[in-house]
Each structure stands twice: as structure tokens, then as C-alpha cells.
Amino acid sequence: MIASLSIAQRRNGLAFALCLALLGLLMAAAAQHGPMVVHGAMALVLGIALTGALARAVYDPPPEAARASFYYDDPTRFGIAMTLIWAVVAMGVGVWVAALLYWPEATPAVPWTSFGRLRPVHTTGVIFGFGGNALIATSFYVLQRTSRARLADELSPWIVLLGFNLFCLWAVTGYLMGITQSKEYAEAEWYADLWLVVIWVVYFVLYIRTLARRAEPHIYVANWYYLAFILVVAILHIINNLALPVSFAGAKSVTIWSGVQDAMVQWWYGHNAVAFFLTAGFLGMLYYFLPVRSGRPIWSYRLSILSFWGITFFYIWVGSHHLHYTALPYWVQTLGMTFSIMLLVPSWASAGNAIATLNGAWHKVRDDATLRFMFVAAVFYGLSTFEGSFLAIRPVNSLSHYTDWTVGHVHSGTLGWVAMIVFGAIYTLVPQLSGRDQMAWPRAIEWHFWLAVTGTLVYVVSMWNAGITQGLMWRSYGPSGTLTYSFLQSLQAMAPYYLLRTIGGGMFLAGTLLCALNCSATARAATGEVAASDRPLLPMPVE
Amino acid sequence: MLRLHYNLEKLSTGLVLGIIIAASIGGFVEIAPLFTIGETVERPADLRPQTPLELAGREIYMREGCYACHSQMVRSLADEIDRYGPYSRAGESAFDHPMLWGSKRTGPDLARVGGKYTDAWHVAHLTNPRAVVPASIMPAYPWLSEPLDTSGLGPELATMRRLGVPYTDAMIADAERDAEAQSQPDSDGAAGVKERYSEKIVVRDFDGSVARVTEMDALVAYIQSLGQLTAIAHDQPPADGE
């Protein structure tokens with residue numbers, strides 16, 4: 001990592017590391033007690049460790065000048081390692097909280113192992129830790145290949161990756177210690193939110209600077225999606241998290257939004273976290289890795305344009321479908337529902353484009369589990385976007401909302417689409433970044449594939465059953481005009497589905513664990529060779 | 001059109017601007033009007049802000065992630081009104097920073113739970129849910145018997161006032177004392193809490209031990225206040241039409 005930095009970058013890095021240590025010290029000193037001290041200490045330790053490592057290497061020999069004629073993949077390697085670590089931890093917590101709904105007393109009643117504190121650890125861990133690291137790591141890789149240019153500098157990718165992971169760590173440890181904004185999927189407290197804004201600006205600037213160096217006249221589709229991910233997530237994050245800290249020496253803040261406006265802002269954010277974090281970025285991943293792995297060009301360029309702008313424009317409108325029949329004005333709900341249905345057009349255009357790309361390569365889908373991961377991802381993307389539009393229809397939503405059907409829908413998107421495309425990308429990337437033809441254990445990919453598919457299906461089908469049962473029991477009236485079931489009866493009916501869901505999640509986790517071990521074995525057997533074709537086009541000097 | 005895009009994708013700034021514009025319109029159209037429409041900005045005349053003890057309870061409700069399993073939003077559907085009570089109005093959560101409408105009912109809705117059960121039931125239920133409801137899957141919260149930390153309440157009220165919640169100077173100055181007095185009905189400060197907030201607020205020893213103010217006192221006070229901050233949902237008959 002440090003050996004690839006120039007002497008000037010090492011000095012700058014040293015300055016950044018010192019600033020981080022100082023920031024940590026300041027936070028701890030200002031707060032005096034409570035979780036903010038722990039978070040300050042984390043920043044301090046990371047800052048000191050980085051300072052030490054950089055200080056020791058400042059006067060080591062500078063990197064070879066020839067490095068400019070290679071892509072810079074060290075950050076991608078680190079990002080993939082973090083992706084897998086977060087995947088195992090956060091999916092593990094997911095299985096844990098799933099089990100708690102079946103065995104509520106399985107783990108002792110101490111604050112930090114309580115369901116309500118673990119649940120946001122699971123959601124933040126998978127969305128930001130697993131998904132975010134996967135997006136950042138692959139975006140660096142794809143950006144360089146599709147631009148035929150090396151990353152603009154060697155220092156900022158590390159600031160992005162280390163800073164982002166510090167944000168994730170602050171967030172999840174904060175929940176365990178009891179600090180949260182309680183805004184779903186945006187629970188991290190104010191200083192973590194501010195920190196993420198800084199990191200995100202560095203990320204955006206790096207992206208634009210690298211694009212500016214590209215040797216290809218056109219910016220490839222994958223980069224449009226990665227750009228939309230970076231830009232819109234920034235807008236959503238800043239507006240949804242606007243808050244007044246009660247004191248700059250404490251973690252507690254008060255969100256500036258209240259009541260119905262807060263509900264609308266929250267679900268505008270919440271649903272577009274799905275759109276621009278969990279969809280746009282991963283479509284970027286799909287648009288690069290699917291054609292590369294299948295050896296087929298994207299089926300339709302026009303369809304790519306249609307779906308990109310369709311998704312970017314339509315998605316923003318649909319958040320209000322989370323608030324059907326609530327105190328939100330009726331016309332906003334109707335707009336949300338209408339756009340949710342229109343959204344099916346660009347969504348299916350993307351899914352169809354991906355599947356049509358595989359035409360002529362079906363034998364590869366059959367033989368190659370890695371490509372099959374991507375194919376299944378595209379199928380689940382199509383299915384879950386259809387389900388999403390369907391659930392957004394007001395009368396359907398009256399049954400499904402507040403039930404486990406929503407949970408099932410989310411997981412068909414996250415397990416079936418997001419995680420599968422990540423695994424497809426990882427199994428393509430890791431051998432290549434290790435200078436090998438294939439993964440260390442090729443047969444384990446096949447095992448992972450079937451564990452993941454079976455786990456997802458068991459999970460999703462059990463949650464469909466759970467949700468529809470709940471919804472029907474809640475609204476069921478007897479002949480005398482009274483409600484037929486108590487709430488408790490509907491809860492008791494959930495037990496078999498909650499058990500099945502835990503088993504499905506466990507299978508998915510087992511597959512992920514296998515993937516992590518496989519990747520680590522492959523990385524350990526790395527040869528360090530770089531394919532002759534995998535090099536930037538060196539731009540001519542401009543003088 | 002295609003030609004235009006052919007040129008656009010050679011320009012990174014063009015793409016950046018295009019994305020920002022395309023992704024801003026929907027949010028602007030849907031969110032901005034909510035700050036002016038009467039239905040969404042009107043505050044019920046009798047809406048009172050939460051007392052410091054209730055606010056402390058709300059913080060505990062958020063800290064423990066209760067909102068992940070309990071909604072506080074009765075939808076305008078017949079079965080929900082029959083099961084939970086009058087449907088929720090926008091004005092009821094006008095002082096909620098943030099709102100806690102929730103998105104999932106692993107447990108029942110709580111928007112109308114205030115006054116539905118006794119304090120003793122809540123204390124027993126929160127300490128060990130299965131002691132009261134054998135089939136419950138709710139976690140137990142034995143650590144709520146810890147003393148309540150009231151030190152941050154004054155500044156928190158002051159911060160909320162800056163955002164428009166009508167806390168008075170006296171409420172802010174006495175926040176910590178009021179938090180304790182609300183759970184000590186025989187103390188000197190008890191009358192002051194009612195005077196500052198409302199005659200209707202509940203001043204009682206919520207957790208069954210007068211000696212000290214616990215997190216349990218705060219959480220139960222909060223739960224008993226749910227749906228009780230304004231009578232708007234009970235007084236007004238449902239509007240005609242939709």
C-alpha cells in the first residue's frame with residue numbers, strides 16, 4: 001500500500017493521518033464520557049497507526065516510474081477484502097436477529113445483544129459495509145478499465161476506503177452503545193454523517209479527475225450509473241440527515257424535520273437509498289462485468305440510455321408509496337404509486353437488456369457458476385422490481401404494508417440481485433487481481449451458487465407466506481362484524497415462517513463464508529502477474 | 001435525440017448536471033409543498049409538547065430500536081381503526097423530531113396505546129414480556145431499572161425550541177427537575193410540571209418505586225403519553241369523501 005505512494009503522497013498522507021488522530025483526540029476530549037469517547041478513540045488509534053506506518057516509510061525508495069503504465073488495483077483488493085469481512089459479519093448478525101424472532105431468549109438479555117440494537121447493525125452492515133465497499137472497490141476497477149486510464153492519484157482512493165470504513169464502524173458500534181438517530185437506514189449520528197460527506201466529496205473528485213484523464217472519448221454506461229450513485233446518494237444523505245447537535249461535545253442531535261415532512265423526507269431518502277445505492281451502483285457493476293464475463297457486448301445501447309435516464313428520473317418520485325393511507329396528503333401518495341408503476345419500464349429495460357446480452361452465451365451460463373450468479377442477479381432484479389411496482393399499488397399496499405411481505409421483497413432484491421451481482425463480480429475480479437486463471441477452489445463457486453439461490457428462495461418464499469398470512473389475518477372480520485383474530489394470534493402464526501427464514505438466511509451466510517475463504521485462498525496464492533492487455537492506454541504528452 | 005446523447009456522454013460535467021437535474025425534480029415537487037399545505041402544517045390547538053420525562057422515554061424508545069417492530073401510524077383503513085383506534089392525523093406528530101411512524105409491525109401499532117394498559121402491566125411486560133404474554137417474542141429489557149440520566153434534557157429542549165417546538169424558558173430551565181418530579185407525585189415539584197405542561201399530563205410513580213427515577217419511569221411515561229398529546233383524532237369525526 002505505502003510502497004506505491006510517491007514521496008510527496010506519503011507526506012500528504014502523513015498529514016492526513018495526523019489530522020485524523022487529532023480529530024479523534026478532540027472528539028474524545030470534548031465528549032469526556034459516553035460513546036463519542038469510544039468513537040474518538042477509534043479515530044485516534046487509526047490515525048496513530050497510519051501515522052506510524054507512513055512515518056516509517058517516508059524515506060523508503062520511491063515507487064518505480066513504470067507504475068504509471070499499470071492500473072492501480074491495490075485499493076480494489078483492499079475494498080474486496082472489506083466487502084467480504086462486512087458480508088460475513090453483517091449477514092451473520094442478520095441470521096442472529098432472524099433467530100431471535102423465533103427464539104427470543106436465545107441470547108442473554110444485555111443491552112448490546114438486544115434485537116432493536118442489532119437490527120440496524122445488520123442493515124447498515126449489509127447496505128453500507130458490504131454493498132458500499134463492493135461499489136467503491138469495483139467502481140475504481142471499472143472506472144480505470146473503461147477509461148483506459150490509471151486512477152488520478154494514489155492517495156485519495158485510500159482516504160475514501162479507510163474513511164468510509166471508519167464511518168461504517170462508527171455507525172454500527174454506535175447502535176450497540178445506544179446512539180442512533182432512529183431514521184431507518186440513516187441511523188448514524190451527526191458527526192459520522194458529516195464525516196461521510198467529506199469522504200464522499202473526495203470520492204467524487206477522484207472519480208471526475210480520473211474521467212478527465214480517460215483515453216476513450218465516450219464515458220461508458222457503467223460510469224453513468226456509478227456517477228448517479230455518487231451524486232444522488234450525496235444529495236439524499238445530506239438532506240435527510242440535517243440535524244442540530246444538542247451539543248458539539250455529545251452524540252445526541254435533533255433532526256430538523258418533524259412529523260409528516262420528516263416522514264416524506266425519510267422515505268424519499270429510504271427508497272432512493274434502494275434506487276441509487278442498491279440499484280444504480282450495482283447496475284454499473286452489471287454493465288461492466290456481465291459483458292466481460294460472457295464475452296458478449298451489451299445487447300442494446302439505446303435501451304441502456306432509456307433505462308438509465310428512466311431510473312434516474314422516475315425513482316426519485318416513488319418514496320411516498322411507503323406512506324399509503326397514512327397522514328401524508330393523498331395526492332403525494334398517488335404520485336408515488338403512479339411513478340412506481342411507470343418505473344417498471346426502465347427497470348425491465350435494464351433486466352431485459354442484461355438477459356438479452358447473454359443470448360449466444362447460454363452454454364457459458366450453464367457451465368460457469370460465476371456468470372450464472374450474474375444471470376440470476378438480472379432475473380431477480382426483474383422479479384423484485386416487478387414486485388416493487390405491484391406492492392406500490394395502493395390497495396395491494398393496504399394488505400402488504402407493515403407485514404413481512406415487505407421484508408421478503410427487500411431480501412429478494414438484496415440477496416437475489418445485489419449480493420448475487422457482487423459475488424459474480426468478485427469471482428471475476430479476484431482471480432484476475434491475483435494473476436491467476438481461476439479461483440483457488442473452482443468447485444466451491446458451484447457450492448456457493450446453489451447455497452445462495454436455495455437460501456434466497458427459502459427466505460423469500462417463507463416471508464411471502466408470512467406477510468400475506470399476517471395481512472389477511474389483520475383484516476379478517478367475522479360474521480358478527482368484529483375482527484376475527486387478535487394481534488397475538490397473527491404473531492403465533494408466524495413461527496414456522498420465522499424458523500424457515502432463519503434457515504434460508506443461514507444457508508446464504510454459509511455460501512458467503514465459503515466465498516470469503518475461497519477469495520482469501522486465491523489471494524494467498526497470487527502470482528503478481530498482470531495480463532499484457534490489462535494496461536492503460538498511455539496518453540501522449542500534451543506539450 | 002440519440003445524437004444529442006452521443007455527445008452528452010463525452011462530457012463528464014454534462015452527465016453530472018443531467019443526473020442532478022433529473023434526480024431533483026421529483027423530490028422537489030413532492031416535498032416542498034408539504035411545508036405550505038394547511039393540512040400538513042396546521043398544528044392542533046391543544047397539541048402540547050412532550051414533558052422532559054416523556055422525551056427521555058422517547059429517547060430510550062429510539063435507543064432500543066422499538067420503532068423497528070412497532071409503528072405509530074394508524075392508517076385510515078377499517079380494520080386498523082377497529083383494532084387500534086382513530087386513524088392518525090398529520091398534526092399529531094408535528095413536534096416529533098424525528099417522527100416514529102415506523103414501517104413494520106412485528107408487534108402491534110402503538111399510536112393509541114397511551115392509557116390502554118396500567119403502568120404495572122408495562123413495567124412487568126418490559127422487564128419480561130413472556131411473564132405477561134407467554135407467546136410474545138419481544139426482547140426483555142431488565143436494564144431499564146437503571147437510574148435515568150436527566151442531565152442532557154435542558155439543552156435538548158432548548159435545541160428543540162430552536163426547531164419550533166414551543167418549550168418556554170421555564171420548561172427549559174426546570175427540565176431536569178420536572179423529569180424527576182413527574183414520577184414523584186408527592187414531591188414539591190409535581191405541581192409545577194402540571195402547571196408548565198398541562199393539567200392533563202400524568203404525574204405518577206410509573207415504575208412502582210418512588211425513591212428514584214429510572215429509565216423505566218421515563219419509557220412508561222412516554223408510552224402512556226402516546227395518542228394523548230392532542231384530542232384531535234378523537235374529537236373530529238372523519239372527514240367526508242376519501
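Mentor: A:Lys252 forms a salt bridge with B:Glu59, their closest N and O atoms lying 3.0 Å apart; the term means a side-chain nitrogen of Lys or Arg within 4 Å of a carboxyl oxygen of Asp or Glu. Bear in mind that this is a predicted model, in which local features need pLDDT of at least 70 and side-chain atom pairs count only at pLDDT 80 or more, while totals for chains, interfaces and linings use all residues. Residues are numbered from 1 along each chain as its sequence is written, chains are lettered from A and ligands numbered from 1 in the order in which they are written, and side-chain values use heavy atoms, with hydrogens and water left out.

Trainee: How many salt bridges does the rule find across the interface of chain B and chain A?

Mentor: Side chains of opposite charge can pair when their charged atoms come close. Across this interface the rule finds four salt bridges, and over all chains the count comes to 28.

Trainee: What is the area buried between chain B and chain A?

Mentor: The size of an interface is often given as the accessible area lost when the parts come together. Here that area is about 7600 Å², with 68% given by carbon and sulfur atoms; buried area is the accessible area (1.4 Å probe) that two parts lose on being put together, summed over both. On the side of chain B, the residues that lose the most area to chain A are B:Glu30, B:Arg75 and B:Arg83, together 10% of what that side buries. The contact (heavy atoms within 4.5 Å) takes 84 residues from chain B and 91 residues from chain A.

Trainee: Where do A:Asp262 and A:Lys183 lie, and how far apart in sequence are the parts that the pair ties together?

Mentor: The closest N and O atoms of this salt bridge, between A:Asp262 and A:Lys183, are 2.5 Å apart. A:Asp262 lies in helix H8 of chain A and A:Lys183 in the loop between H5 and H6 of that chain, so the pair ties together parts that are 79 residues apart in sequence. Helices (H or I, at least four residues) and strands (E, at least two) are DSSP runs, numbered from the N terminus.

Trainee: Is A:Asp262 buried or exposed?

Mentor: A:Asp262 counts as buried because its relative accessibility is 0%, and A:Lys183, at 3%, counts as buried too. Buried means under 20% relative accessible area and exposed over 50%, with partly exposed in between (1.4 Å probe, protein chains only). In chain B, the side chains of B:Asp178 and B:Arg196 meet in a salt bridge (2.8 Å, N to O); B:Asp178 is buried at 2%, whereas B:Arg196 is partly exposed at 23%.

Trainee: Which residues have the most contacts inside the largest nonpolar core?

Mentor: A nonpolar core is a set of buried Ala, Val, Leu, Ile, Met, Phe, Trp, Tyr and Cys residues joined through side-chain atoms within 4.5 Å. The largest has 185 residues, and those with the most contacts inside it include A:Tyr203, A:Phe229, A:Phe276 and A:Trp417. Its largest share, 21 residues, comes from helix H8 (residues 259–294) of chain A. A second, separate core of 49 residues includes B:Cys66, B:Val123, B:Met171 and B:Met216.

Trainee: What kind of peptide bond joins B:His97 and B:Pro98?

Mentor: That bond is cis, with omega about -5°, and B:Pro98 is found in the loop between H5 and helix H6 (119–127) of chain B.
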